[in-house]
Amino acid sequence: MLNKIAFLPLQVCFAELNGLLEILPPVEFCCVYGSTLHPNNLDKNSMIDCIIGVSDPEKWHSENLKMNRNHYASWLVRFGGAGLIAGVADDIGVGVHFNPFVSLNDKMYKYGVVRMDDLINDILGWQRFYLCGRLQKPVCFISNLDLENLNHINLRAATSAALLLLPSKFTEEDLYAKICSLSYMGDLRMLFAEDKNKVKKIVQGQFSLFHRMYNPFLEEYAAKDLLRLSSSGDAQVTISQDCGSSAASKLVSSLPPPIRSQMGIKVGEKKILDELGRVKQEVVIGSKEEAAKCMQKLLRNKVMISSARQAVAGLLTVGVFGGAQYVSKKLQKAWKS
C-alpha cells in the first residue's frame, strides 16, 4: 500500500491522483511531474503526467489489461498483450511504457510504468539519464519506498554536474536552468517538437520549488568552501564558485559511479586511499573545463540515445492516432515558442 504523501503544489489534488491509482493494479511508487506542477498553470486541460513503479511490469500490465484495456493501443492488445507491451518498453525504449490520454473524472492523465530496479538504477547511476532527469526537476512523490530520500543522491549529483558547466559567477536561476537543461542536452525532441523556451519556463514557473529542492545542497557546498552565496536587492542569490582543479575534482566525486568510471576511461584515473584506508579509483582532473567537456559529452550521448529510443517506442505503443495526437500537441507548443 502507498503510505507516504509529499505533494508540493496545491493544484495537483491528492483526490485526483488517488482516483487514478484506485482504478489501476497496486503500485510500489508513484510521482507526478510536468506542467501541472507550475504554480501559475491555469490550464485546466493540462495532462497530468505520472511515473509508476512496479516490481514486474509484464505481470502488472497483464492485470491492468483486465481492468483498463482501453488505456492501451488496440494493436498491442490484439497482437501481444502484456508480453509485447513490456518487451517494446525494454528492448526498443528505455524500460518505460507510457499510456497517454487516459480520461478520468474530467481530467486527462499520462502514466508511465517502469520496473523498480530500473528506476533505482537510473536514479543512482544515471544509466539511461531518462527518469533521473525528470526527478531532478520538481515532482510530487507518493511512495512506500523512501525514493524521495534516495533521490537526494540524484539531486546532489545534478548540482555538481551543473556547477561543472557554469562559470565562476552566476545566479541561483542560472543554476536551476543548468540543472533543468541536463536532461535536454542531446534530446532530439528539442530540435523540432518542444517549446524552445521550455527550460526557462520550467525554472521561472517553479522557482520556489527548485529552491526548496536544491538549497540544502547549496548550503552544503558553501560549508565546504566550494561556493560563496550572496543575496542581491531583488532577493536573487548570486553564487560564486572555485573553478580550480581541486574543486572540480570534488564536484566530479559527487557524480554517479558509472559516470565517473566513463570519465576515467576518457581522461584517466589514479588510485587513492579513502578515509578508511581503502584503495579506490579517482578521475584525473586536469582542469574544470576538461572535466566539464568530458561529462557533457557523456550525458549528451546518453540523452540522445534514450530520447531516440523512447520516441520510437512511444510511437509504437500509442498507435497511429495517439502518436499523431501527441506529436501534434508538442509541435503546437514548439510553434508557439
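Q: About how much space lies in the largest cavity?
A: This is a predicted model. A search of the whole structure finds two cavities of 30 Å³ or more. The space in the largest cavity is about 40 Å³.

Q: Which element supplies the largest share of the lining of the largest cavity?
A: The lining includes Pro57, His61, Ala86, Ala89 and Asp90, along with Val96, His97 and Val113. At least two lining residues come from each of α2 (57-67), α4 (81-91), β4 and β5. The largest share, three residues, is from α4.

Q: How many residues in the lining of the second largest cavity are charged?
A: The second largest cavity also holds about 40 Å³ of space. Cys31, Tyr33, Ile51, Leu119, Leu131, Arg134 and Leu135 line this cavity, with β2 (29-33) and α6 each giving at least two residues. By class, six of the lining residues are nonpolar and none polar, and the number charged is one.

Q: Is Cys140 buried or exposed?
A: Cys140 is in no disulfide, and the nearest cysteine sulfur, that of Cys31, lies 8.5 Å away. Buried means under 20% relative accessible area. Since the relative accessibility of Cys140 is 0%, this residue counts as buried.

Q: Which residue takes a positive phi in the hairpin of β4 and β5?
A: Within strand β4, Phe101 has a positive phi near 55°, in a residue other than glycine. The hairpin has two residues between the strands, and the one that takes a positive phi, near 50°, is Asn105.

Q: Is Phe129 buried or exposed?
A: Phe129 lies in the loop between α5 (116-125) and α6 (131-134). Its phi is positive, near 50°, although the residue is not glycine. The cut-off for buried is under 20% relative accessible area. At 2% relative accessibility, Phe129 is therefore buried.

How values were computed: Residues are numbered from 1 along each chain as its sequence is written. This is a predicted model: local features need pLDDT of at least 70, side-chain atom pairs count only at pLDDT 80 or more; totals for chains, interfaces and linings use all residues. Side-chain values use heavy atoms; hydrogens and water are left out. A disulfide is a pair of cysteine sulfur atoms within 2.5 Å. Buried means under 20% relative accessible area, exposed over 50%, partly exposed in between (1.4 Å probe, protein chains only). Two strands pair if DSSP finds at least two bridges between them. Helices (H or I, at least four residues) and strands (E, at least two) are DSSP runs, numbered from the N terminus. On a 1 Å grid over the protein atoms alone, a cavity is a set of points where a 1.4 Å probe fits but cannot get out, and a pocket is an open set with protein on both sides within 12 Å along at least five of seven lines; lining residues have an atom within 4 Å of a point. Grid points are joined across faces, edges and corners, and a volume is the space filled by probe spheres set on the points. Ala, Val, Leu, Ile, Met, Phe, Trp, Tyr, Cys and Pro count as nonpolar, Asp, Glu, Lys and Arg as charged, and the others, Gly among them, as polar.
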